[in-house]
Amino acid sequence: MAIERTLSIIKPDAVAKNVIGKIYSRFEEAGLKIVAARMVQLSRAEAEGFYAVHAARPFFKDLVEFMISGPVMVTALEGEGAILKNRDLMGATDPKKADAGTIRADFADSIDANAVHGSDAAETAAVEIAYYFPALNVYSR
Ligand code: RTP
Ligand code: MG
């Protein structure tokens with residue numbers, strides 16, 4: 001399988017719970033490398049832009065409010081099949097439906113406060129990584 005990059009965001013609920021390190025350990029144990037990272041307090045405009053694909057959905061306003069409720073940890077991950085691997089580690093969007101042992105099953109409280117974001121395809125991964133990191137600040141290793 002090809003080496004890919006994907007964007008992870010540890011959302012405000014998980015940052016507030018002080019589990020950044022525990023979530024990073026899941027990535028590392030699965031063979032994903034952290035190749036860029038920043039803690040960011042998103043502005044409303046940034047959160048709306050990031051989730052623009054969901055702008056017409058009924059949950060959009062709550063999603064934006066939640067994403068700006070505190071700092072997030074934005075991380076670029078690299079590894080074999082990184083996009084799908086990260087989605088598997090995350091578990092289902094609704095933590096009640098997430099498999100045992102996934103990040104959302106273990107750290108998320110609700111479908112709104114669901115601990116992590118992960119890119120869902122190669123195209124979105126490229127756009128999302130570029131949204132947060134100039135190419136020079138992503139370190140393949
Ligand atoms: P994410 O983009 O954050 O990684 O989450 P995802 O792919 O698993 O889910 P997505 O469909 O992209 O939805 C983005 C976020 O919107 C919230 N959501 N709420 N109430 C609802 O029915 C609902 N559906 C989605 C979730 O917080 C989800 O992470
Ligand atoms: Mg999504």
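View 1. T102 counts as buried because its relative accessibility is 7%, and buried means under 20% (exposed is over 50%, partly exposed in between; 1.4 Å probe, protein chains only). The model is predicted: local features need pLDDT of at least 70, side-chain atom pairs count only at pLDDT 80 or more, and totals for chains, interfaces and linings use all residues, while side-chain values use heavy atoms, without hydrogens or water. Residues are numbered from 1 along each chain as its sequence is written, with chains lettered from A and ligands numbered from 1 in the order in which they are written. T102 belongs to the loop between α5 and α6 (103-107). Helices (H or I, at least four residues) and strands (E, at least two) are DSSP runs, numbered from the N terminus. Along the chain, T102 and M90 are 12 residues apart. Their C-alpha atoms are separated by 5.5 Å.

View 2. The view shows ligand 1 with 14 residues around it. K11, Y51, T93, I111 and N114 come nearest; a residue is near a molecule if one of its heavy atoms lies within 4 Å of it. The shell divides into 5 nonpolar, 5 polar and 4 charged residues. Asp, Glu, Lys and Arg count as charged; Ala, Val, Leu, Ile, Met, Phe, Trp, Tyr, Cys and Pro as nonpolar; the others, Gly among them, as polar. Two elements, α5 (82-90) and β4 (116-118), each supply at least two residues of this shell.

**View 3. Side chains facing the oxygen atoms of ligand 1.** Look for R104, N114 and H117. An N or O atom in the R104 side chain is 3.1 Å from an oxygen atom of ligand 1. For N114, the corresponding distance from a side-chain N or O atom to a ligand 1 oxygen atom is 2.8 Å. H117 places a polar side-chain atom 2.9 Å from an oxygen atom of ligand 1. Ligand 1 taken alone exposes 560 Å². Of that area, the protein buries 79%. Accessible areas come from the Shrake-Rupley method with a 1.4 Å probe.

**View 4. H117 and its side-chain partners.** H117 lies in strand β4. With a relative accessible area of 9%, H117 is buried. The H117 side chain makes a polar contact of 3.5 Å with the side chain of Y51. Another polar contact, of 2.9 Å, joins the side chains of H117 and E128. A polar contact is a pair of N or O atoms within 3.5 Å; within protein, one must be able to donate a hydrogen and the other to accept it, and residues adjacent in sequence count only if both atoms are side-chain atoms. H117 also has a polar side-chain atom 2.9 Å from an oxygen atom of ligand 1.

View 5. Most residues other than glycine have a negative phi. N18 is not a glycine, yet its phi is positive, about 65°. N18 sits in the loop between α1 (12-16) and α2 (20-29). N18 counts as exposed, at 68% relative accessibility. A115 is likewise a residue other than glycine with a positive phi, near 75°. The loop between α6 and β4 holds A115.

**View 6. A14 across from R104.** A14 is part of helix α1. A14 counts as buried, at 0% relative accessibility. R104 is 90 residues from A14 along the chain. The C-alpha atoms of A14 and R104 are separated by 9.8 Å.

**View 7. P71 and I10.** P71 lies in the loop between α4 (60-67) and β3 (72-80). P71 is partly exposed, at 33% relative accessibility. P71 and I10 are 61 residues apart along the chain. Their C-alpha atoms are separated by 9.1 Å.
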